[in-house]
Amino acid sequence: MGSESALLVSLIKNLAKDSSSEVQRDRVKSELTENYGREDDKLERLVEDHYEHLKGSVTAFTHISTRVAESRNRIKTLRRTIDECKTKLRCRRDELRKLWMEGVQSKETLRLLDKIEAVKKAPEDLKAFADLRRYLDATRLLVKTVDLLDGELAGVKALAGMRTEMSAEKAKLLDVLRDEMHKHIYVRSSAALLLRKRKLQSVENLQASPLLGKKSSGAGAHLAVRSKGGEIG
């Protein structure tokens with residue numbers, strides 16, 4: 001390919017010389033025409049040999065170009081949408097912040113209302129636990145309720161009466177626990193000891209009874225006779 005290019009340049013230079021004769025120019029032109037024809041034939045053969053590949057490449061390039069153009073259009077649309085969203089968010093930033101604060105306050109209000117309802121329901125639950133003698137659950141509920149009244153709900157003036165009621169419930173529960181401990185430590189333990197003592201006394205009285213002694217002697221004699229009978233047999 002390089003030699004053919006050099007030959008073409010050389011022929012052009014020869015044609016450009018003024019000293020060249022008409023015959024020489026005609027010869028050079030015929031050589032150029034012949035070389036052009038050969039190159040044209042080669043190009044046609046190459047196109048024919050690689051037509052399918054060339055056709056596939058052109059089709060793929062067209063498809064890729066179309067996809068790229070569609071992607072660019074989508075990107076432009078997306079950028080425009082993002083810019084519009086940014087503009088709208090900037091314009092409504094204060095309003096959105098206000099709505100967010102209202103949402104936070106609403107959640108906090110609902111949480112406090114739930115705790116207030118639990119506190120108001122505490123006396124009823126305490127009574128139910130006491131009736132079932134579930135003193136541990138009652139104590140836990142009472143401590144939790146008092147902590148709420150003295151902590152998060154300390155500023156709720158409507159619960160002032162509930163604080164007084166919880167103080168009374170606390171005193172009542174202490175009395176109940178004190179009575180239960182007294183019963184377990186003194187009354188029931190003493191009763192168990194007395195019962196055990198009575199049983200031991202009854203056993204001792206039976207063992208010391210003359211009738212029981214005679215029955216025991218008779219039983220011993222009977223056993224002795226049976227033993228002798230066994231030996232005889």
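Some housekeeping before we look around. Residues are numbered from 1 along each chain as its sequence is written, and because the model is predicted, local features need pLDDT of at least 70 and side-chain atom pairs count only at pLDDT 80 or more, while totals for chains, interfaces and linings use all residues. Side-chain values use heavy atoms, with hydrogens and water left out.

Let's start with the layout. The protein has 7 helices and 0 strands, where helices (H or I, at least four residues) and strands (E, at least two) are DSSP runs numbered from the N terminus. Read from the N terminus, the order is α-α-α-α-α-α-α. Of the 233 residues, 10% count as buried; buried means under 20% relative accessible area, exposed means over 50%, and partly exposed is in between, with a 1.4 Å probe and protein chains only. As for contacts (heavy atoms within 4.5 Å), residues 24 or more positions apart account for 53% of those with a separation of 6 or more.

Now, confidence. The average pLDDT, which is the predictor's confidence in each residue from 0 to 100, is 76 for the protein, and 72% of the residues score at least 70.

On to the inside. A nonpolar core here is a set of buried Ala, Val, Leu, Ile, Met, Phe, Trp, Tyr and Cys residues joined through side-chain atoms within 4.5 Å. The largest one has 16 residues, and those with the most contacts inside it include Val119, Leu126, Leu149 and Met162. Helix 4 (93-131), helix 5 (135-150) and helix 6 (160-208) each supply at least two of its residues. Which helix gives the most? That is helix 5, with 6 residues.

Helix 4 deserves a moment of its own. Helix 4 has 39 residues and reaches 57 Å from its first C-alpha to its last, close to the 57 Å expected at 1.5 Å a residue; that expected span is 1.5 Å times one less than the number of residues. Helix 4 also bends by about 45 degrees at alanine 122, and proline 123 follows within four residues. The bend is the angle between axes fitted to the seven residues ending at a position and the seven starting there. Both Ala122 and Pro123 are among the buried residues of this helix, as are Ile116 and Phe129.

After helix 4 comes arginine 133, whose phi is positive, near 60 degrees. Arginine 133 is found in the loop between helix 4 and helix 5, and is partly exposed at 46% relative accessible area. Although 47 residues separate arginine 133 and glutamate 180 in sequence, their C-alpha atoms are 9.9 Å apart.

Finally, the charges. There are 9 salt bridges in the structure, each a side-chain nitrogen of Lys or Arg within 4 Å of a carboxyl oxygen of Asp or Glu. One of them joins glutamate 152 to arginine 111, with the closest N and O atoms 2.8 Å apart. Glutamate 152 lies in the loop between helix 5 and helix 6 and arginine 111 in helix 4, so this pair ties together parts 41 residues apart in sequence. Those two also belong to a salt-bridge network with Glu108 and Lys115.

Another pair is glutamate 169 with lysine 172, at 3.9 Å, N to O; both lie in helix 6, 3 residues apart, about one turn of the helix. Is glutamate 169 buried or exposed? Glutamate 169 counts as buried because its relative accessibility is 18%, whereas lysine 172 is partly exposed at 48%. Glutamate 169 also touches Leu126 and Leu142, not counting residues up to four places away in sequence.

Thanks, everyone!
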